[in-house]
Amino acid sequence: MLFGIKAQETASIYGVVTDSISGVTLPGATVFIPNANKGLATDLEGRFDIGLKPGNYEVRFSYAGYNPTTLNISLEAGENEALDIQLSNITLKQVEIRAFVSDYTSGTAMSRNKLDMETIKLLPAFLGEVDLLKTIQLLPGVQAAGEGNAGFYVRGGGPDQNLILFDDAVVYNASHLLGFFSVFNSDAIEGVELYKGGMPAEYGERLASVIDVKQRKGSKENFQGRGGIGVISSRLTLEGPLVKDKASFIVSGRRTYIDALITPFINEESDFGGSQYFFYDLNGRLDWELGKGSSLYISGYFGDDAFDFDSPQTEFKTNVSWGNRIISAGYQRVFNEDVLLNINGSFTKYNFGFSGSQDEFLLQVNSAITDYRFKPQLSFKIGKHLLKTGFSYTFHDISPNNSSAVQGETIFDLGEQQQFYSHEGAFYLSDEFDLTDVWKVEAGLRVSAFAHTGPFTRYIVDENGSKQDTIRYGSGEAIADYIGWEPRFSTSYRFSEKASVKVSFTQNYQYIHLANLSPLALPTDVWLPSTEIVQPQLGRQYAVGYFRLFDGGNIEASVEAYYKEMENLIEYKENTQPSDGVDNNEDNLLTFGRGESYGIEFFVKKNFGKTTGWVGYTLSRTERQFDEINAGQWYPATFDRTHDISVVAAHRLTDKWTLSGTFVFGTGRAITLPVSGYFVENTLVYNYSERNSFRMRDYHRLDLSATYSTSETKTITDKVTGEIIEKRKRIQSQWVFSIYNVYNRLNPYFYYFDNQGQAANGTFQVQAKQVSLFPILPAITWNFQF
Amino acid sequence: MEFSILKKLFHIAFFGLLFASCEKDIDIDIPPAESQIVVEGSIENGRPPIVLISTTRGFFEPTSPADIANSYISDASVFVNETELTAVCAADLPEELLPQFAELVGVPLEDLDDLPLCGYVGQDIIGEFNTSYKLRVEVDNQTITSATHIPNPVVPDSSYFRLWANSPRYGYVFTRFSDPDTMNNAYRVFTKRIGPNTNDNPIDDIYYAPLGSTFLDEFFNGTSLEVGFQRGQPFNSSRPVDNGDEAGFFELGDRFVFKFCAISEPGYQFYRTFEQQLGTNGSPFAAPNNVITNIDGGLGVWAGYSCVYDTIFATP
C-alpha cells in the first residue's frame, strides 16, 4: 500500500529505500514507527508513504541483509517530509535483524504474497537453477503441477487462469522445457507479487491469480554485473548508468547447453539419436529519470525453446519450437504525495511451431497469440480516501493451430488459416479508506468488455463435425460481444497491532482461454478468445482469514479459507484429435462446464534471524462438471490435491555458509484408469472408468542446498601508508551445492497399463506401470557478482 | 495414414523426459467393474456376416487361453436383417473348415486350438454393395442392436511395393487411388503375407491391419493421391520378423495381398479411436478416451466393408 492517510493525520513521511552502494531500490523493506504503532513494507519500487499526526517520531528502516537505520523526525501539521533512505549491505557481520510490524495485519491485503529475489535465491533449486515460479509454488494455495508439467494451479484454478505480468506486459507461456524452468532469469528480477484472491480492481483478466513480476532496474551509480555457471545453463547480467544518477540499463542473458551435455550420451542408433534441444532468454530494461517526479522505462524479454529430431534410421525429421517476444514501456509521474500517474503500453507475442516430415510428406502446425496493450492508471487522495482509477485496453490477434501438409505433389486441403481478432478492455475505480481506526475497507468496481470482430470465417458444423455452412465476416464486423461487472470488496478489522481478521469478495471475468488436449500443460496448448460459441469464464471467490503476528512481527501466521465458483470453463470434447481442428474453427471442438473449489490455507513464516523460512499447508478440493464429459457427473479436476504441504527453511550457519532446504508433500494426482478390457481383432481394448476417479501415489520430495560465499574482501597492504587494510574484492562469488530429491523418491509422473503376450498362447498379461521423472539429482552452480 | 506423425511426435518429441525417466511395475487396486457385452462384427461384399460376442474382463482376472475363450458367448441369438446367424464353434468344426473360420474370426489357425472361439456366421446372407444391415443380439436377457452398411467400392488405380529410405531390402506398400467427390468417405487397409516367397518369411493366416490403417477423406476429398502403409502384424507378436529392424516392413521377395476397403462411417469411428488408443497407450500427453462404439446397449463394433484385393510380389 503506497499511500495511507487517516483522519487528523495531516502530516506524512514518504520516499524510497535504496542500497547505499548500487542505488538499487529495495522492495519489501520494513518501515516502522513504534510510537505511532505504524509500519509497512516498501512496494516493488522501494517506495513508502505513511500518514502521521504532527509530532516527533523515531522511524526505523530495515531490510534482510542490510544494516538498519533509525531516523528521528519532527512533523508539523500539513508537513509531508520526503526521506531518501539508503541502507548499507552487511558484509562480514551476521544477520541479526529485528523489525516489527509490516502491513501484514494493518492492511486489507489478504490472499497475497510478496517475494523478493534474496529469499528466492536462498532456496535449493532444481539442478541449481533458481526459479521464481517454482518458489511461488511453495506458497499455500499454489500448487505445482508436478514434474514435467508447465502449469501451476492457484486455489483450484486451471493453468490458464493465472495472469503472469512482466513489467506490466502479459506472458503467455512462462516455461521452458515443460515447466522445468520458468522464463524468468533470477538475476534480472526485482521481486514478485502474487494475488490469489481479494484481487484489487486494477487487476483482472484471469480468474485465479495475478503474478506481477518486476524486472530489476539497472544501477544508476556504477557499472556492475552478475551471473552464474550451472550444470544446465549459464547466465550473465550487466547493468550500469547511461547517465549517472539519471538513466540506467540492465541486460540479462541465459542459455542452456543441455544439447551439448546430453548428445554424447544418446546412442545414435537408438530412437533418440539425432535429438537436439536448447533454450535461451534475453531481457533488458532502460530507466530514465526525467526530473520533476517523472520517469520512463522500456523493458523487453525475448526467449525461445527449440527441439530438433532427425532420425538417422528413417527419414523422419521434426522440429518443435516456441517462444515469447515482449516489449513494455511505461511513464510514471509523481505529481505530489497525493497524485501518481502510471501509463504503460506493451506488445506480447507468443508463438509455437511444429514441423514434421517423412520422405515426401511434410506437416506444419503453427499457433500464435499477439497482444497490443495500453494501461493508464491514476492514484489520488481525496480526504481520507485513496482512489485508483484507470482503464486497460488490449487488442488480441490469435491464430490457433494453423496447419499445412504436402505429400510429394499433393497439397492437402486443410482449409483456410484460422485467425481470431478481438478487443478487450476494462475500466475500474477503487477506493481504500478507514471506516474507523481499526476498520479498513477497500471497495472497487471493474467493468470489463470484450468483442470478437472480423475478418473471420465461421464454419457451422453438425454433431459429427461435418461442415454444414460457412459464414464470412468482414474486417471490423462485430461477431460477439460481452460486458461484465466485476465488483471487488475487501475489509480488515484489527483487534490489536498483532491480530486482524479480513474478508474479501472478488468477481471476475476471463475472456482468453487455454484449451489443452492432454491432462498436462504443453506448449501445444492453444489460446482462444471468447466468441459466439465460447462464453467468457466467470469466477466468484469468497475468502476470510485471520492474521496474527508473533515475536514482535518476526513471525507471521495466518489461516485463510476460500470458496470459489466458476462458470463457462472449457475443455475439448472427448475423443478430439489434433486433426479435428483442421479446416474447422477450433472452438467447434469445445464443450463447456463449471467448477467449484474450496479450501483452507495455513501459513507460518519467520522473517528474521539466523533461521528463516515458512510452513504452508492447504487442505482443499476442486471439482468440475461438464454435461458432455464423464456422463455429466462431477469429477475431481486433474489438479485436485487434498493435502499440500510446503516447508521451506534457510539457516545461516556461518558468515560464509548458508544451508537451506525445502520439503513438499502433495496428495497424488487424479487420473483416469481403465477398469476393464475386451478383445477386438485379438487386440486388447481398454475400457476407461469415470474421469479422474483414481489417485496416483502421493508426491513428496526433499531438496537441500548449501551455499558457500567467498570472502567479500581481501587483505592488502596500502602502498603508501604500509597499513594492512580490508579491500572489497572486485568479484564476489558463491558456490551453490544442491541436491534435488535427496532420498531419491520415485514420484509418479503418470501410470499406464502395459500388456504383453497373446491370449492364444497363454502368455497374455497386463501390468500396471508407473513412470517417474527425476531421481536424486545433485548440481553445482558458481554465481558471481562484480 | 501419415497423420500418425502426430502420434510419433508425442512419442519421441520430448526425449528429455524419457531420457531421465524411470519405469517400474506397480500394483493397483481396481474395484471390479460391471461386466458389459462386447460385439465384434463385420460384413463384407461377397462374404457372409461374422459376429463374435464376448464380455469385458477385469485386468487382473486369470488370462489363460481357456479363461479368455470362456469370455466368448456361444448361446446368444444373433440376427442380421432379422435372419438368424448360426453359432459355429472352432472345437466343433471339421479340420478342413478351420482355415476359413480362422480368417473369418480373425484368429490365426495355430491359435484356434488353444483359443477355441465361437462365432456367429450368416450362412444365408452375402454382403452386397450399397446395402444396409441391421444387427440384433439377444443375450443374458438383454437386447443389443446396431446398424451398418456396405459402401460403394473404391478401386485403387495401382498398388505396389516400394523400397524405403535407401534400404536395399525393406519397404512399404503404396497405393494410388481416387477419392469420390462425396463427403466422409472412410477407408481401412489390411495386408497378408502369402506364399510362395523367395525369402523364407513366415506367411500370415489372416489379414492384419497396420497402424494408421483407418482414415477419412476430410483432407483430400475428391482428389487422387498416393499413400503408403506398413505391413500389418499380430498384436504383441513374438515372431522375430515382427520385432526389431524388420517390424512393419515388407521385404524383397515377399508375396502379399493388399486389401483396400471402404468402411462405413460408424466402423471408421470405432477403428479410428481403437488405433488412437493403441498408439497413445503409455503416453502422458494423450487424454485417455474410450473407443467410440456403434453398439446400442454394449461395446464394440458392427462394421460394413467393401473391399478390393490385390496380390503383390515385392520386387525392386
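Trainee: Is A:Leu290 buried, partly exposed or exposed?

Mentor: A:Leu290 counts as partly exposed, because its relative accessibility is 41%; buried means under 20% relative accessible area, exposed over 50%, and partly exposed in between, with a 1.4 Å probe and protein chains only. Keep in mind that this is a predicted model, where local features need pLDDT of at least 70, side-chain atom pairs count only at pLDDT 80 or more, and totals for chains, interfaces and linings use all residues. Residues are numbered from 1 along each chain as its sequence is written, chains are lettered from A and ligands numbered from 1 in the order written, and side-chain values use heavy atoms, leaving out hydrogens and water.

Trainee: Which strand does A:Leu290 lie in?

Mentor: Strand β20 of chain A; strands are DSSP runs of E, at least two residues, numbered from the N terminus.

Trainee: OK, new topic. What's the strand order in the open sheet of three strands?

Mentor: The order is β50(A)-β51(A)-β1(B), with antiparallel pairing; two strands pair if DSSP finds at least two bridges between them.

Trainee: Which strands stand at the edges?

Mentor: β50 (748–756) of chain A and β1 (22–26) of chain B; each has a single partner strand, so one side of each is left without a neighbour in the sheet.

Trainee: What stands opposite A:Lys769?

Mentor: That's B:Asp25, in β1(B).

Key: Helices (H or I, at least four residues) and strands (E, at least two) are DSSP runs, numbered from the N terminus.
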